[in-house]
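Reader: I am new to this structure and would like to know what stands behind the words used for it. Please show it to me first.

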Amino acid sequence: MKKIILKAENTHSLNKEEIVDLLANGEINEDLFQTADRVRKKYVGDEVHLRALIEFSNICKRNCFYCGLRAGNKNVERYRLTPEQIVETAQMAAAQGYKTVVLQSGEDAYFTAEKLAEIIKQIKKTDVAVTLGVGEVTYEEYKILKEAGADRFLLRIETTDTNLYKKLHPGMSLENRKSCLYNLKKLGFETGTGCLVGLPEQTFESLADDILFFKELNADMIGIGPFIPHKDTPLGKDKAGDFILALKVMAITRLLLPYINIPATTAMETLVKNGRNIALQSGANVVMPNVTAFDFRKKYEIYPDKVSVDYSTLLDNLNSIGRTVSKSRGDSKNRRERYDSQ
Ligand code: SAM
Ligand code: SF4
């Protein structure tokens, strides 16, 4: 097992069988986490990049089985920020010192590409990177968003298991999800994806495929979230994903894609107290504090008891583990440098 970890650290490449072995073996966890921490330090350093998360609409036409925002959930009070509110929130975040704003929402048809483009153009008058997380649209629509100035896009593949994907995403397909990700790459977005860990019926093999897909796509950012059940969804009675397993998927991803940006996800901190710091010491180098106004934040209930952190607590936390906040935009280093040649 030690040999596999060493191989990953030195070559940034593993086959499916090796990844499955690592995921299935409980005895190598500490070694794996420490190695991922070392690789993180070597390739992306000790700085943590903060991304200001703006959850601007909880209206969604999709029905993902795990998500509290799914159209079929009638117990959500829906909201939509006005374009002015979105721009103001972004400007406030920039004034606070954030170098990136992330605009995230359900798939809300009100926000056409043209409408989003206007918002992006307004925000880009301030010197911040703009990341979008608004789901699946056509190549032409992604192009409008890119031309308006959007820099990055987050679209998790969720799972690369074709059957599981189909079961959990009515009316959607894994094929289209992948094609959206390749379109984003083609258009020059810094492209982020990721998966949920602990979905019912998910296997180590399918998680290994997820990790290999991240590598194949050569993603710039990877967000790994343990699945957390929401009572008003079809998976409401299923059990939550395992924190350690999610951490392992994240650590292996760091070994295979050493230059990318990896957030310590909110789902990790929600599931386990101190989960954010643990993730930051096992391969992660990004935190996405929520800057949405509190009244709306409560209503963006993807899963219950979603935690948020205030800025000064976060700074104390980062200091306590010897990490500092980056003053740069934290663009992906994966695009400029090649690790294959090392
Ligand atoms: N609608 C966009 C999309 O699906 O790409 C962006 C917003 S969506 C709420 C952002 C992410 O939340 C999804 O990619 C999914 O992985 C995550 N998510 C949804 N429900 C979740 C749950 N019950 N537990 C953990 N993560 C969840
Ligand atoms: Fe909508 Fe995204 Fe939730 Fe799916 S995961 S229901 S697309 S908000």
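**Terms and values**

Author: Start with glutamate 201, which is exposed, with a relative accessible area of 59%. The model is a predicted one.

Reader: Why is glutamate 201 called exposed?

Author: Exposed means over 50% relative accessible area. Glutamate 201 has 59%, so the word applies. Glutamate 201 sits in the loop between strand E6 (190-197) and helix H9 (204-217). Its phi is positive, about 75°, although the residue is not a glycine.

Reader: Where is glutamate 158, and what is its phi?

Author: Glutamate 158 is in the loop between strand E5 (152-154) and helix H7 (162-168). Its phi is positive, about 70°, and glutamate 158 is not a glycine.

Reader: How do you know whether glutamate 158 is buried or exposed?

Author: The cut-off for buried is under 20% relative accessible area. Glutamate 158 has 10%, therefore it is called buried.

Reader: What makes isoleucine 157 buried?

Author: The relative accessible area of isoleucine 157 is 0%, and buried means under 20%, so isoleucine 157 is buried. Isoleucine 157 belongs to the loop between E5 and H7. From C-alpha to C-alpha, isoleucine 157 and lysine 178 are 7.2 Å apart in space, while 21 residues separate them in sequence.

Reader: Which residues are closest to ligand 1?

Author: The closest are Tyr66, Arg156, Glu158, Ile228 and Ile302, out of 17 residues that surround ligand 1. By class, the shell has ten nonpolar, four polar and three charged residues.

Reader: How do you know that glutamate 158 makes a polar contact with ligand 1?

Author: A polar contact is a pair of N or O atoms within 3.5 Å. A polar side-chain atom of glutamate 158 is 2.6 Å from an oxygen atom of ligand 1, so the pair qualifies. Polar backbone atoms also take part: one of tyrosine 66 is 2.9 Å from a nitrogen atom of ligand 1, and one of isoleucine 228 is 2.7 Å from a nitrogen atom of ligand 1. Taken alone, ligand 1 exposes 560 Å², of which the protein buries 91%.

Reader: What surrounds ligand 2?

Author: Cys60, Arg62, Cys64, Cys67, Arg70 and Gly106 surround ligand 2.

Reader: What makes glutamate 107 buried, and which side chain does its side chain contact?

Author: Glutamate 107 has 10% relative accessibility, and the cut-off is under 20%, so it counts as buried. Its side chain makes a polar contact with the side chain of arginine 62, at 2.9 Å. Glutamate 107 lies in the loop between strand E3 (100-105) and H5.

Reader: How much space lies in the second largest pocket, and what lines this pocket?

Author: The second largest pocket holds about 260 Å³ of space. Among its 16 lining residues, Asp108, Ala109, Phe111, Glu136 and Val137 are the closest to the centre. Helix H5 (113-123) and helix H6 (139-147) each supply at least two residues of the lining. By class, this lining has eight nonpolar, three polar and five charged residues.

Definitions and conventions:
Residues numbered from 1 in each chain as written. Chains lettered and ligands numbered in written order. Predicted model: local features only at pLDDT ≥ 70, side-chain atom pairs only at ≥ 80, totals over all residues. Heavy atoms only, no water. Near = heavy atom within 4 Å. Helix = DSSP H or I, 4+ residues; strand = E, 2+ residues; numbered from the N terminus. Buried < 20%, exposed > 50% of the residue type's maximum accessible area, 1.4 Å probe, protein only. 1 Å grid on protein atoms, 1.4 Å probe; cavity = no way out; pocket = protein on both sides within 12 Å on 5 of 7 lines; lining within 4 Å. Points joined across faces, edges and corners; volume = space filled by probe spheres on them. Nonpolar A, V, L, I, M, F, W, Y, C, P; charged D, E, K, R; others polar. Polar contact = N/O pair within 3.5 Å; in protein donor to acceptor, adjacent residues only side chain to side chain. Areas by Shrake-Rupley, 256 points an atom, 1.4 Å probe, with all protein chains shown as cover.
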